[in-house]
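Trainee: I would like to go through this structure and ask what stands behind each term. Please answer with the value and the criterion.

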Amino acid sequence: MNPLCSPRDHTLSRRAFLGGGLGLLASPLFAEAMKQRDKQVLFVWLDGGMSQLETWDPKPNTEFGGPFRSIPTSVPGIHFGELMPKLAKQMHKLCVVRSMSTKDNAHSSGVDRIQRGDPKNRGVPYPHFGAGVAKLLGPGTSGLPPYVWIKPGSGGFRAEDAGFLGPKYGSLAFGDGKPPDNLLRHPDISAEQDAARNELRQMLDQRFAKQREKRVVEANASVFDMAEKLMARADIFDTSKLPERDRDRYGRHDLGQHMLVARQMLEAGVRFVKVTSYGWDTHGDHFNSQTTMVPKFDQAFSAMLEDLESSGLLKTTLVICLSEFGRTPRINGHVGRDHWPEAWSIAMAGHGVKHGMVVGETNERGTEVKSQPFDIGAAFHTWYQALGIDSHKVEFDNAGQPLPIAHDDMLPIKEALA
Amino acid sequence: MKLEPKQIAEFKSERQISAARFSHDGSMLAAVGYEPIVRRWAFDGKAVTPLPAIEGFHGYSTALAFHPKQPRLFVADSWGQLRCIEGEKTLWQHESAHDGWLRQIAASPDGSRIATCGKDGFVRVWDAATGKKLAEHQAGEDVYALTLTDSITFGDMRGRIETWDVDLKKKQRSFDASVLYKLDRLQDLGGLRVLLFIDGGKTLLAAGTTPQNGATPQSIPTILFFDTATGKLTKTVTHGTNKEGYVHDLVQHPNGCLMAVTAGTPGSGQLFLLDPAEKEAFHENKKMANCHALALHPDGKHFVVTSTNRDSNGNGKSLTKDGAYKTNTSPLHLFEV
């Protein structure tokens, strides 16, 4: 414990974030917390596992390096795989960690562990990073749902992503980047009729609340609140009115168009936006698939970075891009790379992280981390601290039981923090 | 026409092989694969004996073709290098014949020209003796396969196949092999691997796979038969389940039968022989895992299939008994017919 901290500081850090007493308003720490309410997160999830060797950590002309060349980036001495020419020009905005080394190589457990930060097992499901941010930083001033998820396929509310925080902090998924069905008020119902219906619903809700657990009631009410706010901002799903040039810059593929919706969400003030791209589990015909998948990612992600910078949002938005794990150095009989948690890369940009740098190093063959390896818990500490949340002091409140927000035994990746 | 191949020997290789061919006189087997060298073996009719490898390539050595009448070998790599080699000597070389991955090389029947295609979307024709570029055509997409006769025929990732006259200034015919392509989420699944003329040029075969879904991917080995005169698809042969994957190599035996090898999900793989007049294979061998190349000896009595070691797949850290990180290899299976 830091001897310069007062006991009050420690109480404050938890209570302040959990909605503590008004007396705390005068605290400098609380003022700092209030400032943090403008911070946002873009979390790009490449489901299935991106190959570090064809992207962030190329090993050209080596045993496992694959067929592609590496190219210089905007930061002298740092190279990317040749399939990411647009991002190579934006390396000065990025912080790449090449020394991730995690435990799990199975999708079934890996996805969950990575997105929950793999904390120590305390018998309760931990929240996804998005839910944690939604809880700790709050919904922001936009009034929009704090944790949204843009993904191919179906949408819906995913209460389980919130873990022990309760369903209120779950993710609201927009399938194919579209608003939920029936979002807008039916044309046969007038605004007055709609208001009357809501009044009736709220009355019934109060009766319902008397017989139910508080967190369930809150979640129920928040769904209606979300719907109301979204009805007012249905425009953020509509990219058709954007200039054709913008739509082309992001790419007409689903990742590009979903990233464009994500940009609108961030511009509208959504606290945490997750964008998922599926199909990165390239167990077969890996190199041919990389020739078009990686450039599509390169296009969409680099367009987003450009726009966040030009709008000024990159100053307040923490950008994270990662997968479940990397891909094996060795090539299987189906010309595929399999699951590889041993040595892989993540990329970050924006608020709270250093720019134009690479942290960590893998060996020449790309099979092991040569520098200090970082597990996902270290990444969670890093991200929380980048957002101004002291991940060693601040705790979650699990029905009165304080729980650390990141793995107790791990530390942030200090080299990455601004 | 029907052959009954029997495996007579198996030889080790140190790394994985993606393509292999015999020289015009059958004395040498050469192979390219997942490394920046060309492996060579002497062949005496019973066994292959390693010869010094040719080095100086980059990334992966990706394509090779022997001169049909001379002891010359044309080799390319995934960084765009194209080289003509005789013995140990390089006769000519282009470090950037293409921008990046050079996918296939084909020699003309008389050996005067070679053609190349690449990920950069270009098809190029070269003077085989000097390496001088004679012509080029921008196909626009990643060009996966080609063959060279009096004209040049090439096919791209999306299964668009075209035949152009030799100077590449005029398109003669188009063929629709788009069944060999599928977009699955972000993944473009291009299934074309081999183009081959049979029947004295009357029929064009386009071989590869019919993709079903991405990532792994699941796909069915497929050979499309096109009538060269009309461009029409006349027959489709599929062989195996959606785990069998791609026809990676297809050659025609002097007696007319087609010989193909396939590789799909790790552990699967087959050699099959087909009478082009029929729809079903008359011979099938599934004892080899993940076959990627078939080199037919000029005597017509021998051929070599390269497969992959049985335990090639695996998530995580697969180690040898000595604790070293494993790499995979391609056993060489020698057959006699």
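Mentor: Start with one pair of residues: B:W41 stands opposite B:P50 in β5(B). Keep in mind that this is a predicted model.

Trainee: What makes β4(B) and β5(B) a pair of strands?

Mentor: Pairing requires at least two bridges found by DSSP. β4(B) and β5(B) are joined by 5 bridges and run antiparallel, so the pair meets the criterion of at least two bridges. The two strands also form a hairpin with 4 residues between them, where B:G45 has a positive phi near 100 degrees.

Trainee: How do you know that β4(B) is largely enclosed?

Mentor: A residue is called buried if its relative accessible area is under 20%. In β4 (residues 35-43) of chain B, 7 of the 9 residues are buried, so the strand is largely enclosed by the rest of the structure.

Trainee: What lies on the β3(B) side of β4(B)?

Mentor: β3(B) is joined to β4(B) by 5 bridges, again antiparallel. B:A30 has B:R40 in β4(B) as its bridge partner, and the hairpin between β3(B) and β4(B) passes through 1 residue. β3 (residues 28-33) also has 5 bridges to β2(B), in the antiparallel sense. There B:I17 has B:G33 in β3(B) as its bridge partner.

Trainee: Which order do the strands take in the open sheet, and why are β2 and β5 of chain B said to stand at the edges?

Mentor: The order is β2-β3-β4-β5 (chain B), an open sheet of 4 strands with antiparallel pairing. β2 (17-22) and β5 (48-54) each have a single partner strand, so one side of each is left without a neighbour in the sheet. From one strand to the next the twist averages 25 degrees.

Trainee: What makes β12 of chain B largely enclosed?

Mentor: The cut-off is again under 20% relative accessible area. Of the 6 residues of β12 (residues 122-127), 5 are buried, so this strand is largely enclosed by the rest of the structure. β12(B) pairs with β11 (residues 113-118) over 5 bridges, antiparallel, and B:R113 stands opposite B:D127. Their hairpin has 3 residues between the strands, with B:G121 in the turn at a positive phi of about 85 degrees.

Trainee: Which strand do 5 bridges join to β12(B) in the antiparallel sense, with residues 133-138?

Mentor: That strand is β13 of chain B. B:F122 has B:Q138 in β13(B) as its bridge partner. The hairpin of β12(B) and β13(B) has 5 residues between the strands, and B:G131 takes a positive phi near 85 degrees.

Trainee: How many residues make the contact, and what area is buried?

Mentor: Chain A gives 45 residues and chain B 48 residues. The two chains bury about 3800 Å² between them, 51% of it on carbon and sulfur atoms. A:R69, A:R330 and A:H334 supply 20% of the area that chain A buries against chain B, more than any other three residues.

Trainee: What confidence does the predictor give?

Mentor: Chain B averages a pLDDT of 96, with 100% of the residues at 70 or above. The complex has an ipTM of 0.97 and a pTM of 0.91.

Technical notes: Residues are numbered from 1 along each chain as its sequence is written. Chains are lettered from A and ligands numbered from 1 in the order in which they are written. This is a predicted model: local features need pLDDT of at least 70, side-chain atom pairs count only at pLDDT 80 or more; totals for chains, interfaces and linings use all residues. Side-chain values use heavy atoms; hydrogens and water are left out. Axes are lines fitted to C-alpha atoms, for helices over the stretch in contact, and angles run from 0 to 180 degrees between N-to-C directions. Buried means under 20% relative accessible area, exposed over 50%, partly exposed in between (1.4 Å probe, protein chains only). pLDDT is the predictor's confidence in each residue, from 0 to 100. Contact means heavy atoms within 4.5 Å. Buried area is the accessible area (1.4 Å probe) that two parts lose on being put together, summed over both.
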